[in-house]
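Please look at the sequence and the model below.

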Amino acid sequence: MDDLKSKYLGLIADAGDEAALEDLRVQAVGKKGEVSLKMRELGKMSPEERQVMGPKLNALKDEINSALSAKKSALADAALDERLRGEWLDVTLPGRPARQGTIHPVSQVTEEVTAIFADMGFAVAEGPQIEDDWHNFDALNIPPEHPARQEHDTFFMHRADGDNRPPHVLRTHTSPVQIRALQAQGAPIRVIAPGRVYRCDYDQTHTPMFHQVEGLAIDRDISMANLKWVLEEFCRAYFEVDKVELRFRASHFPFTEPSAEVDLRCSWQDGTLKVGEGDDWMEILGSGMVHPKVLAAGGIDPDQWQGFAFGLGIDRIAMLKYGIPDLRAFFDSDLRWLRHYGFASLDQPTLRGGLSR
Ligand code: DAH
């Protein structure tokens with residue numbers, strides 16, 4: 001009995017894992033285990049012997065069983081310790097640093113506008129900010145003597161002395177991208193062109209650099225009605241209201257015929273703007289049917305193709321939507337302003353996910 005005891009207690013102490021332990025259990029106290037077989041022999045013993053051996057065997061069995069379960073939990077503890085050592089984590093480390101920087105309202109609104117027009121099938125087109133005067137003016141039906149040239153407060157680039165070609169300009173609007181897109185892609189076409197534009201002007205609502213988005217849709221049968229629907233749809237999505245009302249006011253632009261300026265019904269209460277209600281009208285953009293001469297300059301046959309164009313100020317609609325009073329602050333790089341009016345950098349505006357929320 002003492003041999004059995006020291007044999008099994010030794011083996012249990014040396015067992016390396018739970019499987020080895022289970023084998024030992026079966027060997028010792030399982031149905032056909034060594035200790036169990038010994039217990040069966042009790043029947044053959046005399047009552048006196050049995051009285052001595054019975055309790056001893058039971059005690060042995062108990063002792064082996066408790067050695068097994070002690071070893072089992074020691075193995076489990078060791079496994080846990082091992083795992084804890086491997087998966088060690090310093091919970092006193094600082095968390096993720098606070099988000100640095102925000103998305104500028106101009107970038108945010110550009111993304112919003114792009115998302116809305118993308119949903120209506122408009123691709124994004126681009127053109128250079130340093131533009132030649134043909135694309136910026138002539139091709140848009142603004143000949144040299146046209147008064148619109150003066151109204152644009154154009155910045156001219158310097159030409160080398162003796163170079164008498166007309167100077168390049170900093171583009172005064174995004175409209176020249178209409179010409180470049182038509183030349184590059186032909187018709188039919190549906191594009192918007194967001195980007196920087198420049199005019200020599202500076203006050204609360206004007207800065208020498210600002211942003212516009214141009215729209216252009218040309219096909220065989222595009223009409224003013226399509227223009228109206230697209231702009232209404234855009235305003236509803238952009239201002240995130242169910243109802244908008246637009247007013248088309250006859251106007252004049254050299255590059256469109258007929259031309260219309262578009263006003264939005266709104267109310268101003270305590271300095272906050274509400275779109276779609278009230279008795280005020282706010283001008284938001286210029287638009288019209290693209291002039292045949294502009295189509296021709298873009299290499300498109302005006303007898304085959306027609307369509308609309310529009311241009312709107314990104315900074316202006318950013319100020320309106322987000323209640324930003326002074327345009328000049330947009331470009332001052334004042335961190336307090338940027339933190340206040342900026343947008344979370346991971347919130348991409350989408351129509352489904354929400355534009356500004
Ligand atoms: N280019 C014009 C401006 O900067 C805006 C504009 C008006 C663009 C009418 C258009 C348009 O495409 O059709 O003032």
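Predicted model: local features only at pLDDT ≥ 70, side-chain atom pairs only at ≥ 80, totals over all residues.

Residues are numbered from 1 along each chain as its sequence is written, and side-chain values use heavy atoms, with hydrogens and water left out.

The domain assignment, which is automatic or from a database, gives domain 1 (2–86) and domain 2 (107–341). Their C-alpha centres lie 88 Å apart.

The ligand is surrounded by 15 residues, each with a heavy atom within 4 Å of it. The closest are His-173, Ser-175, Arg-199, Gln-212 and Glu-214. The table gives polar contacts (pairs of N or O atoms within 3.5 Å).

| Protein atom | Distance to an oxygen atom of the ligand |
|---|---|
| Gln-178, polar side-chain atom | 3.1 Å |
| Gln-212, polar side-chain atom | 2.9 Å |
| Ala-309, backbone N or O atom | 3.2 Å |

The protein covers 90% of the 360 Å² of accessible area that the ligand has on its own, by the Shrake-Rupley method with a 1.4 Å probe.

The structure also holds 1 cavity of 30 Å³ or more. Here a cavity is a set of points on a 1 Å grid over the protein atoms alone where a 1.4 Å probe fits but cannot get out, and lining residues have an atom within 4 Å of a point; its volume is the space filled by probe spheres set on the points, which are joined across faces, edges and corners. The largest cavity has about 30 Å³ of space. Its lining includes Gln-178 and Glu-214.

Technical notes. Polar contact = N/O pair within 3.5 Å; in protein donor to acceptor, adjacent residues only side chain to side chain. 1 Å grid on protein atoms, 1.4 Å probe; cavity = no way out; pocket = protein on both sides within 12 Å on 5 of 7 lines; lining within 4 Å.
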